[in-house]
Amino acid sequence: MAAYKHHAFSSFIILMLFPLLLQFQFGKSELQLNYYSESCPKAEEIIKQEVAKLYYEHGNTAVSWLRNLFHDCFVQGCDASLLLESVNGIESEKASGRSFGMRNFKYVNTIKKAIENECPSTVSCADVVALSARDGIVMLGGPHIEMKTGRRDSKESYAKIVEEFIPNHNDSLSSVLSSFQSVGIDVEGTVALLGAHSVGRVHCVNLVHRLYPTVDPTLDPDYAEYLKGRCPTPIPDPEAVQYSRNDRETPMILDNNYYKNLLKNKGLLIVDSELASDPATLPFVQKMASDNDYFTEQFSRAALLLSENNPLTGDQGEVRKDCRYVNTN
C-alpha cells in the first residue's frame, strides 16, 4: 500500500512539473498576463502614459499603433520584425508597398526609450507594439483589451514575404477572409477587425481605380462625387497626402459607424463594399451596425487572437535595446 502511495505521489509530481520541464527543454514559455510584474513592474503603466502623451500631441499616433499590430503580427507572428530598419543586410518590411501610408514609427522609439530608462534590456519591442495598440485602442474610444506579454523580438526582417501575408488594398473579400483564417481568425472576427477602418483613411492612390474612368456602380453616387472631390485626378501624386476617411462622422473614434456606412454603399475599398454584399459576412455587418457593444466584443476577441499569433517567447529571439536595430553582441 505504501509503495502504491509513493508511486501515485511520484506520478502526481511528474504531471505537475511536466509543463516546466517542457519549458526548460525547449527554452520556451508561453505569454502571460503581467509578465513584467517582477522584472519591470511599471512597464505597462509607462507605455500607457507615453501612448496618452503622444496621442494628445499627435492624435493619429493611436491609429498607427493599431495598424502596427496588424502589420507586425500578420507577418510570421508578433515579433517586432516590422520595426527593423534597412541596415547591415536587413531589408525593412516598412519599405514594402503593403506598408504604404504607415507613419509615426519614430514615436515607437519614444515609448521604448521611456521603458529603457526604467528597465534596460527587459521589455521587448514586440510587447511595446502590442501594448501600445491596446492603449491606443482605448484612446480611440474603443475597448480595453487584457493582453498578455512576454513576446521576444525577431533578429530578422521578413520583407521578402510581406506581400504573401498582408492583403492588398484591392484584394477580394474571399482572399482577405482566407488570409485572416490562416492566422486563426474566423469570419466574424475578420468582419470585426476590419472595423478598424472606422479610424482609417485611404490614400487616393489606392482609391482612384473605383472612380476613374468610370465610377464603380456599387458606390453610392453622391458619395462617389464626394470622393472625386477628395481625389480629383485619376493619377494622383503619391507624394501628396491626398486621402479620404472611411468614417466622416466620427473619424477618430473606433465605433460601428463604419458598418452603418457599408450598408449605405459607402465603403472605400473593394473589401469594404463586399462585406455588405457577401452572404457570409452581411449578417455580421448588419448586427455590428445595429449594436456597438457587439462590435466591440468581437473586435476585442479578434484583436486578442491577433496579438498572440505565433510570438517568439522564452529564449527565442532577443530583447532589442533599440527597436530599429538588432542587438550587436
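1. The model is predicted, and local features need pLDDT of at least 70, side-chain atom pairs count only at pLDDT 80 or more, while totals for chains, interfaces and linings use all residues. Residues are numbered from 1 along each chain as its sequence is written, and side-chain values use heavy atoms, with hydrogens and water left out.

2. The largest pocket holds about 960 Å³ of space; a pocket here is an open set of points, on a 1 Å grid over the protein atoms alone, where a 1.4 Å probe fits, with protein on both sides within 12 Å along at least five of seven lines, and lining residues have an atom within 4 Å of a point. Of its 39 lining residues, Arg-67, Phe-70, His-71, His-197 and Arg-201 are the closest to the centre. By class the lining has 21 nonpolar, 13 polar and 5 charged residues, where Asp, Glu, Lys and Arg count as charged, Ala, Val, Leu, Ile, Met, Phe, Trp, Tyr, Cys and Pro as nonpolar, and the others, Gly among them, as polar.

3. Helix H3 (61-74) gives the most to the lining of the largest pocket, with 8 residues; helices are DSSP runs (H or I) of at least four residues, numbered from the N terminus. Because 12 of its 14 residues are buried, H3 is largely enclosed by the rest of the structure, buried meaning under 20% relative accessible area with a 1.4 Å probe and protein chains only. These buried residues, among them His-71 and Cys-73, pack against H2, H4, H5, H6, H7 and H13, with contact meaning heavy atoms within 4.5 Å.

4. The second largest pocket has a volume of about 200 Å³, and the residues of its lining divide into 4 nonpolar, 2 polar and 6 charged. Helix H5 (125-139) supplies the largest share of this lining, 4 residues.

5. The count comes to 4 disulfides, a disulfide being a pair of cysteine sulfur atoms within 2.5 Å. Cys-40 is joined to Cys-119 with an S to S distance of 2.0 Å; Cys-40 lies in the loop between H1 and H2 and Cys-119 in the loop between H4 and H5, so the pair ties together parts that are 79 residues apart in sequence.

6. Cys-125 and Cys-323 have their sulfur atoms 2.2 Å apart, and the pair links Cys-125 in helix H5 to Cys-323 in the segment after H13, 198 residues apart. With -100 degrees about the S-S bond this link is left-handed, whereas the disulfide of Cys-73 and Cys-78, with a torsion of about 125 degrees, is right-handed.

Notes:
Grid points are joined across faces, edges and corners, and a volume is the space filled by probe spheres set on the points. Helices (H or I, at least four residues) and strands (E, at least two) are DSSP runs, numbered from the N terminus. Buried means under 20% relative accessible area, exposed over 50%, partly exposed in between (1.4 Å probe, protein chains only).
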